[in-house]
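The sequence and structure are shown below.

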Amino acid sequence: MTDATARRIEHFDLIVLGAGPAGASAALTAARSGLRVALVDKARFPRDKLCGGGLTGRAISLYNRIYGAPLPPVPLERRDNFAFHAFGQDLGESTDAPPLHLCMRFELDATLVRAALDAGATDFTGRAGILDPDGPALDLSDLRIEAPLLIAADGVNSPTARTLFGSAYDKAQIGFALEVERPGADPDRPLRIDFGAADWGYGWQFPKTRGTTIGVGGVLARNTDMKAALRRYMDALDIPADLPVKGQFLPFGDFRPTPGKGRILLAGDAAGLVDPITGEGIAHALDSGALAAKAVRQALTKGTPESALYAYKESLRPIHRGLRHARLLRNLMFRESLRPAFIRSFRNSRTLRREYLRLMAGETEYGALMQKMIARLPGFAWRAVSGT
Ligand SMILES: Cc1cc2nc3c(=O)[nH]c(=O)nc-3n(C[C@H](O)[C@H](O)[C@H](O)COP(=O)(O)OP(=O)(O)OC[C@H]3O[C@@H](n4cnc5c(N)ncnc54)[C@H](O)[C@@H]3O)c2cc1C
């Protein structure tokens, strides 16, 4: 008898692999629609995740839509004051920005997992498994779980994407971020964003009541020494150099046009759904998880599980369009020859700063912001970006 045949087998309608915001939202949506769902994560919750914990207006309204409650039931800090800098220059402050809510990810994620389990998903957290992509199925030592469809929300290093495509991300496009946590309350200082603290990225200082997160992040291929960039940034902000540094990849707009293969759908970071300018990923994770679950529900109702991937891909179109626009705009903001014009415009235009903040809040889209920038930037800059 082989290992596989010796194992007990349990059948589900859907396996969700990874229980971060994308997986938890997929499991909740599917369980609420009546599907039998297995929610698997190698970690037990609460678990930590390297993240600024910034919930934009977009993330809050998606939470609202998916969970039917105004705000996640975790400690949140509501902030509406931002200070912008670039290369030592003060670019201005905004004191009435659309709010950003700050949370601790270990609290948020544990709450989202709890909600999915309360909705009826079966708990396989704290268990690592081996994926059988042909099932799809997952071998969990003594147990094999099988389902007609699997949603993989196993993060930026997605072992599932590696199995399906040979690699989890494209090394030339992937982003990387480093963060330190400075203990102590500093809630009155504005949230600070520094363009230029990393190449094709930025630096941030997010003071909260329980500590301050300081970080730099950008396209890895453009930042051969991200540690040195963090050191320079911390020096400039007068932050002690001996704080422990943590690092993680982030997909930064490098999304998979077809988010999965066969009867396996990828969601969240595993599908590359992170904003290439702001690094925001929680909103797209929640959204894509729920959309994947809806596509699964429809395909199973029709009796055609293999149709789920196409339906899911179609439903991701608005997110993909936004990420494409953001990648275009990123050329304008970060390309060395164009950066001075962007920084000048940003410093001189309250409207542009406000639009950037509205974008972070999910109150406007990249397409609209691009229209405003066309009006402000020299024609050469626009032609360089749009390729016209
Ligand atoms: C430094 C940094 C700062 C950031 N700040 C922000 C911010 O302020 N706001 C924001 O919106 N976004 C931010 N992001 C992005 C955000 O953290 C991610 O986009 C978001 O966590 C994606 O959610 P997810 O569910 O796709 O993946 P994750 O949250 O990474 O969850 C993936 C899950 O899969 C599990 N897993 C992995 N492998 C396996 C396996 N083999 N078997 C079982 N389980 C597995 C993991 O344990 C994990 O629980 C930041 C990212 C970084 C790196």
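Within strand β9, D123 is the bridge partner of L39. Strand β3 (residues 37-41) pairs with β9 in the parallel sense, over four bridges; two strands count as paired if DSSP finds at least two bridges between them. Helices (H or I, at least four residues) and strands (E, at least two) are DSSP runs numbered from the N terminus. The model is predicted: local features need pLDDT of at least 70 and side-chain atom pairs count only at pLDDT 80 or more, while totals for chains, interfaces and linings use all residues. Residues are numbered from 1 along each chain as its sequence is written, and side-chain values use heavy atoms, with hydrogens and water left out.

The β3-β9 pair belongs to an open sheet of six strands with mixed pairing, in the order β9-β3-β2-β13-β20-β19. Its edge strands, β9 (122-125) and β19 (260-261), each pair on one side only.

Helix α2 (residues 21-32) lies across β2 (14-17), β3 and β13 (149-152), contact being heavy atoms within 4.5 Å. The helix runs at about 165 degrees to β3; axes are lines fitted to C-alpha atoms, for helices over the stretch in contact, and angles run from 0 to 180 degrees between N-to-C directions.

With a disulfide defined as a pair of cysteine sulfur atoms within 2.5 Å, the count is zero.

C51 is partly exposed, at 26% relative accessible area, whereas C103 is buried, at 2%. Buried means under 20% relative accessible area, exposed over 50%, and partly exposed in between (1.4 Å probe, protein chains only).
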